[in-house]
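Try each task before you read its solution.

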Amino acid sequence: MTDADRYPLPRTFEEFNEQRRQSFIRVKDYKQAGGRLIGYLCSYTPLEVIDAAGAAGVALCGTSDEVIPQAERTLPANLCPLIKSTYGFAASQKCPFTYFADLIVGETTCDGKKKMYELLDELKLTHILHLPQGRDRAYEREAWYEEVRLLKDRLEELYGVEIGDDDLRAAVRRRNRMRRAMVELYRLQACEPPAMSGVELMSTMFAATFSFDVEEFTVKLEALAAERRAQYEAGERPVAVDAKRILVTGCPIGGVINKIGRTVERNGGVVVCADDCSGERTQAALVDEDADDILRAIADRYLDINCSVMTPNAARMDNTLAMVERYRVDGVIESVLTACHTFNVEAALMERAVEGAGVPYLKVETDYSGGDQGQIDTRIAAFIETL
């Protein structure tokens, strides 16, 4: 069997635009060269375990409404757009990473996702991490440690490899270096005015989730941070001095970077920090590289992520208030995806915490369509005007 036979392109490949065709060719070439590819759906996925298996981990969360009509042939319409988009890209074979993935790693962060994964498994081999609902009870940490160990076992079986402690420790050091580079870029936004556009920063971090080579992308991040710092010290000011400093929190921001972020920055604001699950509050958490039990250290690091699916989750509000102070934030915008009940309910606690600290707060509930863009423009512009 030839490589072309082993890795055929989708039946509708010729209907794709040039950019999408090139993406498929790039991933196909990677697989034909012997590359291993694991798709993942959440920040709780222990990427070091995937790295240690010699595979590239790529994020598969859908961030576009393009394939939602196809997803709604199977899924209910009143479901989170991220879930529908993720499934739609798998069903339509329009995402090269989903299409060529050897395995997709999902997690039980919400009821909609965990039931969607049962359907996704009919399209692509899927492994589910059973996430505890909290982390304050000893058995929850033990259960999560077992889930991480089971993922390690699954990858060893899938690829016919043995993942040793040395492999895990090396992967931890690589990921920690990447996280430090990300945090260095985030912290440049604490400058007054910030060193770069928030949209540029968020887009750069989003691109990191599609890189096959952790070390290569880390070098790019470190170079970008050094470049932006040097430019700033040389007097370059890409952001207006009087731009209102906005912290964006809430649901994963990938699908609404333009809808929320660009709207902020078109209306006299600048996003100085993104406090979503892939933003600074997650990337600042490192794995203990010298831990005796490195797999447990990996598991502990991921379980400590402050997502609204956890109960209680007061640490998320504490972290946001610390970021408000660190970045001297003028206002907080919470972006909630339609039908994301955990973030929508927890928004009441976030509003109380933020406004209790004397900082204005705005909640924006939206999806991936453009139908409410005018309303969002008006609301965000009016919010910034009041700051």
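**Exercise 1.** Which residue's side chain meets that of Glu48 in a salt bridge? Then classify both partners as buried or exposed.

*Solution.* Note that the model is predicted. Step one: find the partner. The side chain of Glu48 meets that of Arg179, at 2.9 Å from N to O. Glu48 sits in helix H3 (residues 47-52) and Arg179 in helix H9, 131 residues apart. Step three: apply the cut-off. Buried means under 20% relative accessible area. Glu48 has 0%, so Glu48 is buried. Arg179 has 4%, so Arg179 is buried too.

**Exercise 2.** Which residue forms a salt bridge with Lys259, and where do the two lie?

*Solution.* Step one: the partner is Asp372, with the closest N and O atoms 2.6 Å apart. Step two: Lys259 is in helix H12 (residues 257-266), while Asp372 is in the loop between strand S8 (361-366) and helix H17 (373-386). These parts are 113 residues apart in sequence, so the pair ties them together. Step three: check the cover. Lys259 is buried at 6%, and Asp372 is buried at 15%.

**Exercise 3.** How many bridges join strand S5 to strand S6?

*Solution.* Step one: count the bridges. There are six, and the strands run parallel. Step two: pick a facing pair. Ile246 stands opposite Val271 in S6. Step three: look at the cover of S5. Six of its seven residues are buried.

Technical notes
Residues are numbered from 1 along each chain as its sequence is written. This is a predicted model: local features need pLDDT of at least 70, side-chain atom pairs count only at pLDDT 80 or more; totals for chains, interfaces and linings use all residues. Side-chain values use heavy atoms; hydrogens and water are left out. Buried means under 20% relative accessible area, exposed over 50%, partly exposed in between (1.4 Å probe, protein chains only). Helices (H or I, at least four residues) and strands (E, at least two) are DSSP runs, numbered from the N terminus. Two strands pair if DSSP finds at least two bridges between them. A salt bridge is a side-chain nitrogen of Lys or Arg within 4 Å of a carboxyl oxygen of Asp or Glu.
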